[in-house]
Amino acid sequence: TSRLPVFWRANRPVARLLKGQEGLLAAFGFGEAPLGFQGTISIWRGAADVTRFAYRQPEHAAVVARTPHERWYAEELFARFHVLDIEGDRGVIGWTEAQ
């Protein structure tokens, strides 16, 4: 828990930048309750959009580079999945594109 404030401060610029990215359909945080969000699930229109954000935005790259040194996570997982369908209210996950 002592690392959370530093993580959240480092992540703020990335979170602000994420909201306006081309190709982003939805993004929401997850983590360990009640402490708060420590990670993000994001849904993108295509691989080129997520690659542009994940690897070419200096703010994101800086946080990724700090992660091993700061030991923010006991475990890490970066995975890509193909979404087949979404049922229910897409607004709950911050969906930004018309259905």
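Leaving aside residues up to four places away in sequence, Val50 touches Trp44 and Arg80, where contact means heavy atoms within 4.5 Å. The model is predicted, so that local features need pLDDT of at least 70 and side-chain atom pairs count only at pLDDT 80 or more, while totals for chains, interfaces and linings use all residues. Residues are numbered from 1 along each chain as its sequence is written, and side-chain values use heavy atoms, with hydrogens and water left out.

Val50 and Trp44 both belong to the largest nonpolar core, which has 10 residues, including Phe7, Leu18, Phe53 and Trp72; such a core is a set of buried Ala, Val, Leu, Ile, Met, Phe, Trp, Tyr and Cys residues joined through side-chain atoms within 4.5 Å. Buried means under 20% relative accessible area, exposed over 50% and partly exposed in between (1.4 Å probe, protein chains only). Two or more residues of this core come from each of helix H1 (4-18) and helix H2 (47-56), helices being DSSP runs of H or I with at least four residues, numbered from the N terminus. H1 gives the most, with 4 residues.

Helix H3 (residues 58-70) buries His60, Val63 and Thr67. Seen down the axis of H3, these buried residues fall within an arc of 60 degrees, so they line one face of the helix, the arc being that of the directions from the helix axis to the C-beta atoms. They pack against H1 and H2, whereas the face of H3 turned away from the buried side carries the exposed residues Pro58, Ala65, Pro68 and His69. Just after H3, Arg71 takes a positive phi of about 55 degrees.
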